[in-house]
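Colleague: Please walk me through reading side-chain features in a model. Start with charged pairs, then move on to rings and cores.

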Amino acid sequence: MAFVLNPQSSRNEVADYLELRALLDPDGVSSALQLVTDLCLGGNDSAYEDLSDAERSTWQTEREALAQEALEETARRSKTCGATNYPFDLQATSLKATSEAPRAVYTFLLVLSFLKGNAPHHATGAKLFEELSAAAGAGYLGCDSSKEAYVFGFPRRRGPKNFLAAVTELCGKQLLNEGSANSTEPKLPQQKDARLDVVVWKNFPDRRRGRLILFGQCATGSDWEDKAYALDPQKWREKWLIEPFLPHPQGGFFVPFAVEDRDWKHHLLDGGILFDRFRIAGLAPSHLTAVTLEQIASWNRDALSDARMELEAGV
């Protein structure tokens, strides 16, 4: 479905559009003036000609105000992500993409959220997003992403494909070093990941039981909000482990989207600690390998072409 920008679009939607235009326009700049024009066109404002001069002034003022809010939102995003992780320079009335923007982690998250699964490259992007989520979790806990993070989501890019073997590896001495898989669970042969996408933990030097463990669910498609409650760490433990992890793992919900303020509390209550686009963009990059960063840059090149077609179809 083509994206249509209009005066009823949210502050986050308009800010996303501003960023995408900066990425896709040949000069790498997205201006507030162009944004106001696109807001009018997207709104299908054919009644504009029938308005009085005073009504036209109000019409224009409302759109200018929304454009200004979008610029202010990009400033907030830069602060949240950290200037080095936000691939745009905010100017007085415009946004300019940096030279590193096409390769950036933030660009990956922005385009992945914009396409919402409607792209040929989405499956690859969704798997890369699991890597990003594990890295963001490691950044948040301050742990070693190469030793204290495990991408469990199916199909697994690394590690055993079989569910029982993957649970056994997760519990093993090289990783969590606690718990044991329930090998007699009757549904075991049909399981892929049982909605568990990433596991991150913070060891003590003695590596004994009793540390913080984060169980994460990742969601990148158009139905992402419905997945906030898909993973229950305690139920997962009760179903698939004989000897549990102690204490109970903490739930986490990882999304590449800009979550509206009105929805933030709901997702926290349903999914656990919420990692949105800006938290992930701020935390993940320093915990990613050079190989993963190059894979992200490659995905960006392909997906930006899809984003261009969809954006131009909507405005």
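Colleague: How do I read the salt bridge that arginine 76 forms with glutamate 73?

Modeller: Side chains of opposite charge can pair when their charged atoms come close. This is a predicted model. In it, the closest N and O atoms of arginine 76 and glutamate 73 are 2.8 Å apart. The two residues are three apart in helix H3, so about one helical turn separates them.

Colleague: Is arginine 76 buried, exposed or partly exposed? And which of these is glutamate 73?

Modeller: Arginine 76 has a relative accessible area of 39%, so it is partly exposed. Glutamate 73 has 3%, so it counts as buried.

Colleague: Which residues are joined into one network by shared partners?

Modeller: Arg11, Asp16, Glu19, Glu73, Arg76, Arg77 and Arg277. The structure holds 17 salt bridges. Another pairs aspartate 25 with arginine 21, at 3.7 Å from N to O. Aspartate 25 is partly exposed at 24%, while arginine 21 is buried at 13%.

Colleague: Over which ring face does arginine 76 lie?

Modeller: That of phenylalanine 278, at 5.3 Å from the ring centre. Phenylalanine 278 lies in helix H9 (residues 277–283). Its relative accessibility is 2%, so it counts as buried.

Colleague: What does phenylalanine 278 touch, not counting residues up to four places away in sequence?

Modeller: Arg76, Arg77, Thr80, Cys81, Tyr106 and Ala258. Phenylalanine 278 and asparagine 85 are 193 residues apart in sequence, yet 9.3 Å apart from C-alpha to C-alpha.

Colleague: How many aromatic pairs does the structure hold?

Modeller: It holds 15. A pair of aromatic rings is described by the distance of the centres and the angle of the planes. Take phenylalanine 152 and phenylalanine 163. Their centres are 5.8 Å apart and their planes stand at 80 degrees, so the pair is edge-to-face; the cut-off for that class is over 60.

Colleague: Where in the chain are phenylalanine 152 and phenylalanine 163?

Modeller: Phenylalanine 152 is in the loop between strand S4 (149–151) and helix H6 (163–171). Phenylalanine 163 is in helix H6, eleven residues apart from its partner. Both are buried: phenylalanine 152 at 0%, phenylalanine 163 at 3%. The charged end of arginine 156 sits over the ring of phenylalanine 152, 4.8 Å from its centre.

Colleague: Which residues do ring pairs link into a cluster?

Modeller: Tyr150, Phe152, Phe163, Phe215, Trp236, Trp240 and Phe245.

Colleague: Now the cores. Which residues have the most contacts inside the largest nonpolar core?

Modeller: Leu35, Phe108, Leu132, Phe254 and Ile280, in a core of 62 residues. Helix H4 (residues 105–115) gives the largest share, nine residues. A second, separate core has 22 residues, including Tyr150 and Trp240.

Colleague: What is leucine 35 in contact with, leaving aside its neighbours within four places in sequence?

Modeller: Leu5, Val14, Tyr17, Leu18, Ala67 and Ala70.

Colleague: Last, with which side chain does serine 10 make a polar contact?

Modeller: That of glutamate 260, at 2.8 Å. Serine 10 is in the segment before helix H1 (11–24). With a relative accessible area of 17%, serine 10 is buried.

Notes
Residues numbered from 1 in each chain as written. Predicted model: local features only at pLDDT ≥ 70, side-chain atom pairs only at ≥ 80, totals over all residues. Heavy atoms only, no water. Core = buried A, V, L, I, M, F, W, Y, C linked by side-chain atoms within 4.5 Å. Buried < 20%, exposed > 50% of the residue type's maximum accessible area, 1.4 Å probe, protein only. Helix = DSSP H or I, 4+ residues; strand = E, 2+ residues; numbered from the N terminus. Contact = heavy atoms within 4.5 Å. Phe/Tyr/Trp six-rings, centres within 6.5 Å; stacked < 30°, edge-to-face > 60°. Lys NZ or Arg CZ within 6 Å of the ring centre and 35° of its normal. Polar contact = N/O pair within 3.5 Å; in protein donor to acceptor, adjacent residues only side chain to side chain. Salt bridge = Lys/Arg side-chain N within 4 Å of Asp/Glu carboxyl O.
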